[in-house]
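Take a look at the protein below. This report covers its overall build first, then its charged side chains.

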Amino acid sequence: MSKNAQDRSIKFPLLNETNYKDWNGDMMAYLMERGCWGLVSKRKKRPVVGKDGDTTKQDDWDDLQEKAYGILWAGVEDSQKVHFNGLQGDPVKVWDALEKLYVNQTSGARFAAWAGFLSLWMDPEESLSGLIARAEESM
């Protein structure tokens with residue numbers, strides 16, 4: 001584990017150029033533990049101002065958004081913080097940007113996916129639905 005990860009409350013390796021798949025699961029669990037995943041995953045929406053003009057729930061939401069952004073910032077190596085440019089304070093956009101950047105974006109990953117798909121053959125004792133399930137699983 002890097003020294004940076006030890007200095008912070010995050011106890012898993014920080015995001016770097018090569019570990020997105022592992023980091024993603026660790027960070028998701030950490031955001032859940034901290035009560036921020038509902039916001040980052042877009043499952044929860046920002047509350048509206050109450051009929052009485054009370055903004056307490058919105059203020060709480062804003063605090064949670066700042067907390068989630070801070071967790072994401074602390075969870076990446078310095079070399080990855082460039083991906084936060086223009087997204088300051090918005091953990092949802094940061095999460096989406098990192099996913100877009102790292103999930104199946106390389107030509108090697110695309111080639112491997114196509115090669116795996118094109119190498120599928122129906123086994124003599126396999127049903128068509130079984131082949132379809134294996135094909136979907138490989139994608």
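## Overall build

From the N terminus on, the elements run α-α-α-α-α-α-α. That gives 7 helices and 0 strands. Keep in mind that this is a predicted model.

The protein has 139 residues, and 28% of them are buried. Now consider contacts with a separation of 6 or more: 48% of them join residues 24 or more positions apart.

Asp 59 has a relative accessible area of 39%, so it counts as partly exposed.

## Salt bridges

Side chains of opposite charge can pair when their charged atoms come close. The whole structure holds 4 salt bridges. Among them is the pair of Asp 62 and Arg 46, at 3.0 Å from N to O. This pair links distant parts of the chain, 16 residues apart: Asp 62 sits in helix 4, and Arg 46 sits in the loop between helix 3 (37–40) and helix 4. Asp 62 is partly exposed at 24% relative accessibility. Arg 46 is partly exposed too, at 39%.

Lys 81 and Asp 78 form another salt bridge, with their closest N and O atoms 3.3 Å apart. Here the partners contrast. Lys 81 is buried, at 11% relative accessibility. Asp 78 is exposed, at 56%.

Lys 93 also meets Asp 90 in a salt bridge, at 4.0 Å from N to O.

Technical notes. Residues numbered from 1 in each chain as written. Predicted model: local features only at pLDDT ≥ 70, side-chain atom pairs only at ≥ 80, totals over all residues. Heavy atoms only, no water. Helix = DSSP H or I, 4+ residues; strand = E, 2+ residues; numbered from the N terminus. Buried < 20%, exposed > 50% of the residue type's maximum accessible area, 1.4 Å probe, protein only. Contact = heavy atoms within 4.5 Å. Salt bridge = Lys/Arg side-chain N within 4 Å of Asp/Glu carboxyl O.
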